[in-house]
Amino acid sequence: MHYIRRPDWALPERTVTPEHVFFNRRAFLGGLAGAAALGLAGRSARAALAPFDPRPPLNPAFANAGRDITDEAINSRYNNFYEFGSSKAISESAARLVTDPWSVSIDGMVEKPRKLAFEDLLKAMPLEERIYRHRCVEAWSMVVPWIGFPLARLVEFAQPLSGARFVRFETFHDPEIAPGQRQHWYPWPYVEGVSIEEATNPLPLMVVGAYGKHLYNSMGAPLRLHLPWKYGFKSIKSIVRISFTDKRPVGFWEELQGSEYGFWANVNPDVPHPRWSQASERVLGTDERIPTQIYNGYGAQVAELYKGQESGRTIWY
Ligand code: MTE
């Protein structure tokens, strides 16, 4: 049994420093100055942060998120990545993660389990750019120009057996590099999952870059998931294993605190988290607080997946 230690998210909203205080001008400028140094520290042989050349084409269906893109200096330095600590300022610690070489296992209920070098996976997948909104359950949000490939394409590549109902993702486990993983009360490694129907929807993106460059370690290099209609904790970082299964995976936060962090975690402003409202969100890098949209505004693409299940809490947490 795990000793339950509440994550920072567990703070009541009133005790969280307002974004405009956190991002005062000095801190912001300091962040900009530090970004170059951080870039060097985070560089690996693959040249993390190296620009994609050519830059993958922007998908016209996701070329505009209806809001300004969040500043790169904010996005790369204000993170949730518990492997490197429970504060938002983990970027320097995360820069120590060696992301080259990196390999990804595809296993479980598939035609042929295999382990691929990350580069080989990249070569096999069609890269594109998509601008997505990201909504954390902590009620902050941002807009990111991701580079990646559709998860649906990876499912096709993996050739799952007909009985596979879910896709389970797993993050690296290396307590020597990641100090958070020495905190044994957490159920490492970080795990997340989606149903096969969700995985084959066109929206989920396997992310390998952002802002035209390979990913910052703080953002989940070299490979993460982004599920724009779900709370951010579903979008698992630094993935080493993708498994197909007939059992619903239990995510990291669900295992820690199942009454608060469920499997589905679809964004809904009308269903409060047990301890906070989800009605609105702070837009990082601005002083704005805006109303939250159901499915984070992606209902046209995903609402069909949950038809008939909208009442009650089941699909919201
Ligand atoms: N993935 C791993 N492996 N570890 C984490 O702690 N945090 C999640 C998600 N993926 C997390 C993770 C949470 S709570 C959020 S909101 C997003 O990553 C944050 O992504 P960002 O730091 O790129 O904004």
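Trainee: How many residues surround the ligand, and which are the closest?

Mentor: In this predicted model, the ligand is surrounded by 19 residues. Tyr 82, Glu 83, Arg 224, Ser 235 and Lys 237 are the closest.

Trainee: Which N or O atom of Glu 83 lies 2.8 Å from the ligand, one of the backbone or one in the side chain?

Mentor: Read the atoms on both sides of each pair. For Glu 83, an N or O atom in the side chain is 2.8 Å from a nitrogen atom of the ligand. Thr 171 also uses its side chain, with an N or O atom 3.0 Å from a ligand nitrogen. For Tyr 82, a backbone N or O atom lies 2.7 Å from a ligand oxygen. The ligand alone exposes 540 Å², and the protein buries 100% of that area.

Trainee: Is Asn 266 buried or exposed?

Mentor: Compare the relative accessible area with the cut-off; under 20% counts as buried. Asn 266 has a value of 0%, so this residue is buried. Asn 266 sits in the loop between helix H8 (252-256) and strand S11 (280-283).

Trainee: Which residues touch the most other members of the largest nonpolar core?

Mentor: Phe 169 and Phe 244 do, in a core of 85 residues. Strand S4 (residues 140-150) gives this core its largest share, 6 residues. The contacts of Phe 244 include Ile 106, Met 109, Val 155 and Ile 196.

How values were computed
Residues numbered from 1 in each chain as written. Predicted model: local features only at pLDDT ≥ 70, side-chain atom pairs only at ≥ 80, totals over all residues. Heavy atoms only, no water. Helix = DSSP H or I, 4+ residues; strand = E, 2+ residues; numbered from the N terminus. Buried < 20%, exposed > 50% of the residue type's maximum accessible area, 1.4 Å probe, protein only. Core = buried A, V, L, I, M, F, W, Y, C linked by side-chain atoms within 4.5 Å. Contact = heavy atoms within 4.5 Å. Near = heavy atom within 4 Å. Polar contact = N/O pair within 3.5 Å; in protein donor to acceptor, adjacent residues only side chain to side chain. Areas by Shrake-Rupley, 256 points an atom, 1.4 Å probe, with all protein chains shown as cover. Lists of a residue's contacts leave out its neighbours within four places in sequence.
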